[in-house]
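Reader: I would like to learn how to read the features of a protein model, one at a time. Please give the general idea, then the case at hand.

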Amino acid sequence: MGEEIKRRLTRRIYVGGIPIGGGAPIAVQSMTNTDTRDVESTICQIRELVEAGCQLVRLAVPDMEAAEAFGRIRRRVKTPLIADIHFDHRLALASIEEGADGLRINPGTMAGESAVAKVAKAAISRKIPIRVGVNSGSLPRDILKKHGGPSPSALVEGALKQLEFLESLGVEQIKVSLKSSHVITTIRSYEMLSERVDYPLHLGVTEAGTLISGTVKSAIGIGQLLYKGIGDTFRVSLTRPPVEEVKVAFEILRALDIRHRGPEIISCPTCGRCEIDLFSLVAEVEKALAGIEHSPRIAIMGCVVNGPGEAKEADVGIAGGRGHGLLFKKGHVVRKIPEAELARALVDEVMSLAGEYSGDL
Ligand code: SF4
C-alpha cells in the first residue's frame with residue numbers, strides 16, 4: 001500500500017451537504033453535456049453520474065430558459081447541483097433563485113463590478129459558495145502582457161485579483177480553479193496558488209481531450225497535485241460521455257490509495273504464451289461487475305508464468321492455461337475451469353465475497 005498523503009489544510013465550505021476542504025474527503029465532480037433545457041435527459045444523466053460515484057454535478061446555464069429548467073431539475077434530484085454561468089450575471093441570480101447549491105463563474109467575463117456584486121450578495125444571503133474559475137483562455141490582457149502569456153504566475157495573479165474582489169464584497173464561501181490545457185502549467189499554477197491562499201481548490205486540466213489523451217493528462221496533472229496533498233475536489237475533463245470522467249476520477253483516486261470504489265482488475269497485457277482469449281474475458285468480467293461499490297482486487301492473467309503469483313495476491317484470480325484456467329480465491333486454488341465458464345465463475349466468486357449477485361452474464 002502507498003504511504004499516506006499529507007493534505008494541505010484549506011478552509012471548509014459546503015456545496016449542498018457535501019463538505020469541501022478542511023480535511024473533508026476529496027469530492028469527485030462532473031458536468032452534464034445534455035441541453036439543460038431538456039430536463040428529462042439531464043436528470044437521466046445526473047442519475048447515471050451519481051450511480052458511478054459522482055458527488056457534485058455542474059450544469060451549464062446559458063440562458064433564462066436553462067435557469068428555469070435548472071430549478072425543475074434541482075427539485076427532482078438530491079445531488080448538489082452547481083450552475084455554470086458565463087457573461088450574464090442575471091443567469092447567476094436566476095440560478096440562485098432556482099436553488100443552485102453552488103455557482104461557477106468567471107468574474108472577469110461578467111460585465112462590470114456591480115453585476116458581480118449583485119451575484120455576491122445573493123450568494124451570501126443563500127449561503128452558497130462561488131467557484132472562481134480562472135482559465136488560461138480568458139485572462140485579462142494586462143495580466144497576459146505583464147507575464148508574457150498565460151503562465152502559472154499569470155493564472156495565479158488572475159485568481160488573486162478575483163479573490164480580492166470577491167473578498168471585498170464579503171464573500172467567504174469560495175473555491176478556486178486554475179485551468180490550463182497544458183499539464184505542467186496546471187500543476188505549477190496550483191502549487192503556487194496553494195502557497196498563497198487557503199481556499200479549497202478545484203483541480204482540473206481543461207480541454208483535456210479524448211479518452212486516452214485526456215485520461216493521461218488528468219492522471220498526471222490531477223494525480224501529481226493530489227499526491228502532493230493539493231486539491232479538495234476535482235473534475236476529469238474528457239471529450240466523452242461524462243460518466244467516463246467519473247470512472248477515470250476514481251481510478252486516479254485508487255492509484256493514489258486515496259479512495260477505492262469498484263473492483264480493481266489487474267490483467268496482463270498478454271504475450272505469445274497466452275492460450276486463452278484474455279481480452280474478451282477481461283471485457284466480460286469488467287462489464288458484469290460495473291456498478292458494484294465494493295473494491296475487490298481481481299487478477300486475470302494469461303498463463304502460468306506470472307499468473308499464479310498475481311492471482312494468489314488478489315482476492316479472486318485466474319491464471320490461464322490451454323483452453324482452461326485455474327481459479328484462485330484468497331491465495332488458494334479453488335478449481336480448474338473450462339475457458340467458456342471462466343467469466344461466470346470469476347464473477348460468482350466476486351459476488352459471493354460481497355454477498356451480492358449479478359445476473360448480467
Ligand atoms: S502472464 Fe503469461 S500471458 Fe500474460 S503477459 Fe505474462 S507471460 Fe504473457
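**Helix packing**

Author: Leu 281, Glu 284, Val 285, Ala 288 and Leu 289 of α10 are in contact with Leu 342, Ala 343, Leu 346, Val 347, Val 350 and Met 351 of α12. Contact means heavy atoms within 4.5 Å. Helices (H or I, at least four residues) and strands (E, at least two) are DSSP runs, numbered from the N terminus. The model is predicted: local features need pLDDT of at least 70, side-chain atom pairs count only at pLDDT 80 or more, and totals for chains, interfaces and linings use all residues. Residues are numbered from 1 along each chain as its sequence is written, and side-chain values use heavy atoms, with hydrogens and water left out.

Reader: At what angle do α10 and α12 pack?

Author: Axes are lines fitted to C-alpha atoms, for helices over the stretch in contact, and angles run from 0 to 180 degrees between N-to-C directions. For α10 and α12 (residues 342-354) the angle is about 35°, and the axes are 9 Å apart.

Reader: Is the crossing of α10 and α12 left-handed or right-handed?

Author: A crossing is left-handed if the near helix is turned anticlockwise from the far one by less than a right angle, and right-handed if clockwise. That of α10 and α12 is right-handed.

Reader: How many salt bridges does a search of the whole structure find?

Author: A salt bridge is a side-chain nitrogen of Lys or Arg within 4 Å of a carboxyl oxygen of Asp or Glu. The search finds 28. One of them joins Asp 232 and Arg 7, at 3.3 Å from N to O. Asp 232 is in the loop between α8 (211-227) and β10 (233-234) and Arg 7 in the segment before β1 (13-15), so this bridge ties together parts 225 residues apart in sequence.

Reader: Are Asp 232 and Arg 7 buried or partly exposed?

Author: Buried means under 20% relative accessible area, exposed over 50%, partly exposed in between (1.4 Å probe, protein chains only). Asp 232 is buried at 1%, and Arg 7 is partly exposed at 27%.

Reader: Which residue forms a salt bridge with Arg 322?

Author: Glu 275 does, with the closest N and O atoms 2.9 Å apart. The two lie 47 residues apart, Arg 322 in the loop between β13 (316-320) and β14 (324-329) and Glu 275 in the loop between β11 (264-267) and α10 (278-289). Arg 322 is exposed, at 66% relative accessible area, while Glu 275 is partly exposed at 40%. Elsewhere, shared partners join Asp 142, Lys 146, Glu 157 and Lys 161 into one network of salt bridges.

Reader: Where is Ser 218 found, and which residues is it in contact with?

Author: Ser 218 is in helix α8 and is buried, with 0% relative accessibility. Leaving aside neighbours within four places in sequence, Ser 218 is in contact with Val 205, Ala 208, Gly 223, Val 236, Ser 237 and Ile 252.

Reader: What percentage of the residues in the protein are buried?

Author: Buried residues make up 54% of the 361. The protein has 12 helices and 15 strands.
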